[in-house]
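Subject: Structure for your files

Hello,

I am passing on the structure we spoke about.

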Amino acid sequence: MASDSKSAAAFRTIGEVALATGLAPHILRYWEGRFPQLRPVTRAGNRRYYRPEDVALVERIDRLLNRDGYTIKGVQQLLARESAVAAQPSSPLAAMPASAELIAVRDLLARALADD
């Protein structure tokens with residue numbers, strides 16, 4: 001996917017992404033309107049620059065739609081569900097206010113010291 005002249009972390013233009021994925025630029029622009037997770041950086045003149053994670057998302061959407069048989073609505077729901085899961089706190093401490101978190105850590109340390 002990465003051209004010889006750019007590093008893997010470099011931003012790509014819509015033309016480069018279209019060439020690398022085999023998708024037409026108008027399809028990529030259409031997907032930007034349908035999938036809120038796909039937001040390339042825009043510069044002056046509304047020029048789009050895709051980050052490596054944007055390119056990976058384009059490739060994933062392409063696979064889901066064109067190979068795995070998902071509909072656009074199905075892919076939208078899948079990506080929205082994944083975004084919601086990623087936004088949830090990963091530990092019970094993350095959901096607590098800072099003071100409650102500190103108290104919980106203090107109590108945990110006190111129990112550990114008492115067990116020694």
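Below are the overall figures, followed by notes on two residues.

Please keep in mind that this is a predicted model.

Overall fold: the protein has six helices and three strands. Read from the N terminus, these elements follow the order β-α-α-β-β-α-α-α-α. The chain comprises 116 residues, of which 24% count as buried. As for contacts between residues at least 6 apart in sequence, 42% of them join residues at least 24 apart.

Thr13: this residue belongs to strand β1, which covers residues 12–13. Its relative accessible area is 16%. The cut-off for buried is under 20%, so Thr13 counts as buried. Setting aside neighbours within four places in sequence, Thr13 has contacts with Arg47, Arg48, Tyr49 and Tyr50.

Glu53: this residue sits in helix α3, which spans residues 52–66. Its relative accessibility is 52%. Because exposed means over 50%, Glu53 falls in the exposed class. Along the chain, Glu53 and Pro40 are 13 residues apart, and their C-alpha atoms are separated by 9.4 Å.

Regards

Conventions. Residues are numbered from 1 along each chain as its sequence is written. This is a predicted model: local features need pLDDT of at least 70, side-chain atom pairs count only at pLDDT 80 or more; totals for chains, interfaces and linings use all residues. Side-chain values use heavy atoms; hydrogens and water are left out. Helices (H or I, at least four residues) and strands (E, at least two) are DSSP runs, numbered from the N terminus. Buried means under 20% relative accessible area, exposed over 50%, partly exposed in between (1.4 Å probe, protein chains only). Contact means heavy atoms within 4.5 Å.
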